[in-house]
Amino acid sequence: MMAGLLQPTEGQVFLGDTDLYRLDDKALSKLRSKEIGVIPQGQTALYALTVLENVLLSWTLYPDGADHEAEAMELLEKVGIGHLASSMASELSGGEMRRMAIARAMIRKPSVILADEPTGDLDDENTQEVLKLLKETAGQGTAVLLVTHEKEAERYADILMKMDSGRLSVISTCENNLPEQNCF
Amino acid sequence: MGIRNSLPFRNLVRRPGRTTLLLILVTFLSLSIFGGTIITSSLASGLASLEARLGADVMVVPYEAATKTSLENIVLQGNTGYFYMDRSKLDKISALEGVGQVSAQIYLASTSSGCCSLPVQIIGIDPETDFTIQPWLRRSYGRDLEDLDVVVGNDLNAFVGDDLSFYDVDVHVAGKLDKTGTYMDTAVFCNFNTIRAMINASLEKNMNTFADINPDQVISCVMVNAAEGYTVDDVLAAVKIKVKGIRAVQTKSMISGISQSLLGVTDVIRLMIVLVWILALAIMVLAFMLIIGERKKEFAILRVVGASRSRLGGIVLKEALMVSLLGGLIGVALGLVIVLPFGSMIENMLNLPFLIPGPGRLALLAVVSLAASAAAGCLSSVMAARK
């Protein structure tokens with residue numbers, strides 16, 4: 001719903017001053033491509049494409065005439081799978097695919113990244129890597145909303161919220177400066 | 001962005017199994033449309049060609065020749081045969097009221113010839129009066145037939161400059177006719193003097209079934225056109241009443257039997273084309289539905305990265321169009337490879353005049369088949385996407 005993919009039955013979703021659901025599908029899709037990076041749950045690769053092509057998908061849909069391959073390669077290096085750029089997505093492991101999805105969500109330098117269980121199928125080491133990367137992205141001005149069951153993620157959050165029986169409540173913010181939070 | 005870098009192209013190339021299945025379906029569809037249309041067009045052209053080349057309103061033949069095994073066999077089926085009547089019949093017919101153009105022909109069948117493994121029909125025409133074959137001869141040959149010169153039909157294995165021998169009469173091939181799709185393709189044409197020399201030679205060798213004829217006094221048939229102001233029925237009636245021992249046949253009625261068969265065959269082929277189109281469309285809708293169902297996750301990812309619903313539809317449509325055009329082209333190419341070289345075999349199987357259309361019409365048929373295949377591909381993808 002926050003990504004502009006599911007029409008709410010009531011209420012509004014704003015990105016800046018833009019009410020997402022007042023836009024038609026074409027305009028909303030374009031906005032999503034540019035401003036909202038989504039890391040869906042599970043394995044979300046297009047298997048007919050290479051890793052690099054998957055990362056560049058948004059630019060393939062909305063080309064601007066420039067070559068973004070170098071940026072994509074830089075992102076892939078950052079998430080640790082630069083050496084797999086020309087591999088087919090179907091050849092990746094679960095963790096590698098997750099990193100690819102992160103790179104794909106970051107390629108347009110969106111205002112918001114919505115990540116649904118981004119560390120779901122990663123080992124401890126990779127979990128740390130991904131969370132660090134998302135924290136770093138947040139530090140560069142991108143709002144990162146992370147939905148997770150991963151306790152470790154608490155250390156990286158500026159704001160912690162809890163969903164309990166359909167109710168969302170704020171547990172803490174960096175202003176509280178809780179010891180478990182790794183606030184910058 | 002080049003087509004090779006486009007998402008639909010990459011999807012097709014990197015899913016070879018799926019793409020091959022769709023290609024086979026479209027190829028089969030295109031082949032059936034193109035091949036079927038070539039056959040129906042060839043049959044229609046063959047009949048039109050036969051009508052044009054008979055070129056006379058009435059054919060007058062000896063009474064005993066007007067049976068299925070003689071006249072129609074020669075003219076419609078391209079079999080060999082010959083029969084004779086006295087040449088005085090020509091003068092009698094010429095003198096009748098309502099008769100316009102009149103010209104006689106003399107027939108003979110060779111026993112074997114240098115050009116052919118089977119006997120060929122030899123047709124002698126009078127260059128002075130002929131109005132049925134001469135126009136076509138002039139088109140291919142350009143001048144009147146000289147003594148001992150022959151013009152050969154397109155299907156015969158003889159060429160300009162060859163020397164042939166019929167009943168030991170040596171003749172020179174002076175021309176080769178364009179393809180007509182009729183009996184003329186397997187016949188040899190010469191003037192009266194040449195065919196009379198051949199009949200004489202056949203009589204001397206006791207190889208002619210008519211032992212007691214005088215070649216200078218016989219003809220095989222008279223082609224008649226009604227004069228202006230008279231109907232074909234007028235001429236037919238006059239000939240039947242005033243001339244004895246003959247059978248006058250209206251050429252149109254001769255062709256009507258063949259037209260009926262042709263209609264039957266073309267109707268069946270057209271029905272089959274429509275059925276194949278509908279069947280292929282249904283199978284392709286099903287195939288696209290399965291493919292789209294299988295690709296739901298892929299489409300969800302595309303939506304996530306910013307593809308609009310219309311964009312997704314466009315991707316499916318472009319993939320369908322690419323497959324359809326390629327499959328259509330393969331089908332057309334296969335159609336050309338299968339139907340063109342086996343035209344004469346199809347002709348023999350159907351036993352109907354068969355004239356393959358010229359390059360221009362073939363190109364048009366190819367474009368229509370391609371368009372029908374592409375339409376089926378696109379339509380089925382849209383129908384599947386909507387479901």
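Helices here are DSSP runs of H or I, at least four residues long, numbered from the N terminus. Keep in mind that this is a predicted model.

With that in hand, take the nonpolar patch on chain B. Its members are B:Leu326, B:Ile330, B:Leu334, B:Val337, B:Ile338, B:Phe342, B:Met345 and B:Met349, and together they make about 740 Å² of surface. Helix H10 (309-339) and helix H11 (343-350) of chain B each give two or more residues to this patch. H10(B) is the top contributor, with five residues.

A:Asp124 sits in helix H6 (residues 124-139) of chain A, and its relative accessibility of 66% is why it counts as exposed.

## A covered strand in chain B

Now for strand E8 of chain B, residues 187-191: five of its five residues are buried. In a regular strand, side chains alternate between the two faces of the sheet. In E8(B), B:Ala187, B:Phe189 and B:Asn191 are on one side, B:Val188 and B:Cys190 are on the other, and all are buried.

What about its neighbours? Strand E4 (residues 121-125) of chain B runs parallel to E8(B), joined by five bridges, and B:Ile125 stands opposite B:Asn191. Strand E5 (residues 149-152) of chain B runs antiparallel to E8(B), with two bridges; there, B:Val151 has B:Phe189 as its bridge partner.

Methods
Residues numbered from 1 in each chain as written. Chains lettered and ligands numbered in written order. Predicted model: local features only at pLDDT ≥ 70, side-chain atom pairs only at ≥ 80, totals over all residues. Heavy atoms only, no water. Buried < 20%, exposed > 50% of the residue type's maximum accessible area, 1.4 Å probe, protein only. Pairing = 2+ DSSP bridges. Patch = residues over 30% accessible without salt bridge, like charges linked within 9 Å, V, L, I, M, F, W, Y side chains within 5 Å. Areas by Shrake-Rupley, 256 points an atom, 1.4 Å probe, with all protein chains shown as cover. Salt bridge = Lys/Arg side-chain N within 4 Å of Asp/Glu carboxyl O.
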